[in-house]
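Please view the structure first.

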Amino acid sequence: MVSPAPPPGLRRKRHRERLRTLGFLSPWLAGFCVFFGYPLIATVYFSFMHYNQIQEPAFVGLRNWTYVLTQMPLFGPALGNTLWLVVVMVALRVVFGLGIGMLVTRIRTGAGFFRTAFYLPYLAPPVAATVAFVFLLNPGTGPVDEILGAVGLPAPSWFNDPGWAKPSLVLLSLWGIGDLMVIFMAALLDVPKEQYEAAELDGAGAWGKFRYVTWPSITPVVLFAVVTGVVQTMQYYTQALVAGKLASGVSVGPGTVVQPGYPDHSTLTVPQLVYSLGFQNFNTGAACALSLVLFALAMAVTTLLMRRRTGLLPAED
């Protein structure tokens, strides 16, 4: 049975509501099209072209994709380093941020001081923070190695050792944990105290209250922290590049081209490889193809994390 058509007055009202909604959405739609939609379409287009940013693009089919996936010598190390940072750095940042948030929320005296002390390093610009961290961990003159040597502990070479370079970047990220601390503090303070009291009456200890009260309440915030952390780490560029350049001791000046990834490609990430391809070697087509590989990988990991049962979201009853 066909439903009767709405009266003209109702149709006009719905049309005005749609126009009003589009009007409110227009700033976001414009930004989405200009800063995401168009660049994504252009990246897909140039990934099938030979383009050096000077001459006209020439269609080459899947040649850029074949080069990136099968012939690029540094693609494997860069992808491995990026995935290592995603797994280790994101996990430790979430655990460390949650632990600091729980600690600060339970401090009775001096809570304001500790909140400020843990949050201030996050406000440091990435380049300045990396420069300071590299000098602190300098194997020759850094105070950290001097302190370790004074107490009889082995002093690693940190950013000059391929085995310690990525863990050093993780330590740098944990130093600036203030953003996650604030987010987790807000989530922890929002957990109803009545639930903790009910858990105590049921005989739950500290672990039981965390498992059955705290964790279910903050799971959406943990998911947000993990997903945003994965996306940010997939784009990890500045800290690794600056740390590698400083640790290598190469003087960087006008016209100087420094290959990223020091030492021994241990800090080379996929975004660094994209920049090197596109702006140092002027191979824009291959850089676009590599960018799309990184985009697809980030989308796949994010989708997996947001799935129920297999991800961080609880399963529906």
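A crossing is left-handed if the near helix is turned anticlockwise from the far one by less than a right angle, and right-handed if clockwise. The model is predicted: local features need pLDDT of at least 70, side-chain atom pairs count only at pLDDT 80 or more, and totals for chains, interfaces and linings use all residues. Residues are numbered from 1 along each chain as its sequence is written, and side-chain values use heavy atoms, without hydrogens and water.

**Helices α3 and α10**
- Helix α3 spans residues 75-106 and helix α10 residues 206-234; their axes lie 10 Å apart, at an angle of about 140°.
- That angle makes α3 oblique to α10 (under 35 degrees is roughly parallel, over 145 roughly antiparallel, 65 to 115 roughly perpendicular, and the rest oblique).
- The crossing of α3 past α10 is right-handed.
- By class, the contact of α3 with α10 holds 15 nonpolar, three polar and no charged residues.
- Residues of α3 in this contact (heavy atoms within 4.5 Å) include L83, V90 and M102, and those of α10 include F210, V222 and G229.

**A128**
- A128 is part of helix α5, residues 126-136.
- With a relative accessible area of 43%, A128 is partly exposed (buried is under 20%, exposed over 50%, partly exposed in between, with a 1.4 Å probe and protein chains only).
- V242 is 114 residues from A128 in sequence, with 9.5 Å between their C-alpha atoms.

**D264**
- D264 sits in the loop between α11 (238-248) and α12 (270-280).
- D264 counts as exposed, at 63% relative accessibility.
- D264 and F279 are 15 residues apart along the chain, and their C-alpha atoms are separated by 22 Å.

Technical notes: Axes are lines fitted to C-alpha atoms, for helices over the stretch in contact, and angles run from 0 to 180 degrees between N-to-C directions. Helices (H or I, at least four residues) and strands (E, at least two) are DSSP runs, numbered from the N terminus. Ala, Val, Leu, Ile, Met, Phe, Trp, Tyr, Cys and Pro count as nonpolar, Asp, Glu, Lys and Arg as charged, and the others, Gly among them, as polar.
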